[in-house]
Amino acid sequence: MTAETSSENTRWVRVCAVGDLGDDDAVRLDSRPPVSVFKSNGEYFGVDDTCTHETYSLADGWIEDCVVECPLHMAKFCLRTGRPLSPPATTAVRTHPVRTESGDIHVGLPNSYELKEGARCGTA
């Protein structure tokens with residue numbers, strides 16, 4: 001995983017190759033807080049990976065039509081906006097910009113997010 005600074009508040013981090021992420025699939029970054037990149041309906045989305053209802057990985061959830069469902073209590077979140085679509089979640093997850101460049105997927109993370117040294121991504 002490589003990072004490049006694009007502004008004073010955001011850095012772009014390479015997540016994986018475009019071909020490594022299938023539709024309705026996710027890749028979780030080894031970051032703090034955790035961030036995942038999802039592909040759904042041919043689009044890429046970046047969100048904080050932890051469900052806002054209870055601490056659980058969204059990358060492990062069901063992904064369909066640009067919505068992710070947390071497997072713990074079935075809260076649903078819009079991948080475009082991060083907003084909760086069903087209870088028990090009432091708080092949105094933070095979203096992050098995603099871009100593709102030269103066959104790779106990159107996510108824009110705030111500089112305050114920590115990347116573990118030698119961090120590697122993996123599919124969820």
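Arg14 counts as partly exposed, at 25% relative accessibility, where partly exposed lies between buried (under 20% relative accessible area) and exposed (over 50%), computed with a 1.4 Å probe and protein chains only. The model is predicted: local features need pLDDT of at least 70, side-chain atom pairs count only at pLDDT 80 or more, and totals for chains, interfaces and linings use all residues. Residues are numbered from 1 along each chain as its sequence is written, and side-chain values use heavy atoms, leaving out hydrogens and water.

The side chain of Arg14 meets that of Asp104 in a salt bridge, defined as a side-chain nitrogen of Lys or Arg within 4 Å of a carboxyl oxygen of Asp or Glu. Because Arg14 lies in strand E2 (residues 10-17) and Asp104 in strand E12 (residues 104-110), the pair ties together parts that are 90 residues apart in sequence. Strands are DSSP runs (E) of at least two residues, numbered from the N terminus. Asp104 counts as buried, at 18% relative accessibility.

The whole structure holds six salt bridges, including these:

| Salt bridge | N to O distance |
|---|---|
| Arg14 and Asp104 | 3.2 Å |
| Glu69 and Lys76 | 3.9 Å |
| Arg99 and Glu101 | 3.8 Å |

Asp48, in strand E6 (residues 43-48), is buried yet has no salt bridge; Arg94, the nearest side chain of opposite charge, is 5.6 Å away. The side chain of Asp48 is joined to that of Tyr113 by a polar contact of 2.9 Å, a polar contact being a pair of N or O atoms within 3.5 Å, one able to donate a hydrogen and the other to accept it within protein, with residues adjacent in sequence counting only if both atoms are side-chain atoms.

Terms used:
Helix = DSSP H or I, 4+ residues; strand = E, 2+ residues; numbered from the N terminus. Lys, Arg positive; Asp, Glu negative; His and termini not counted.
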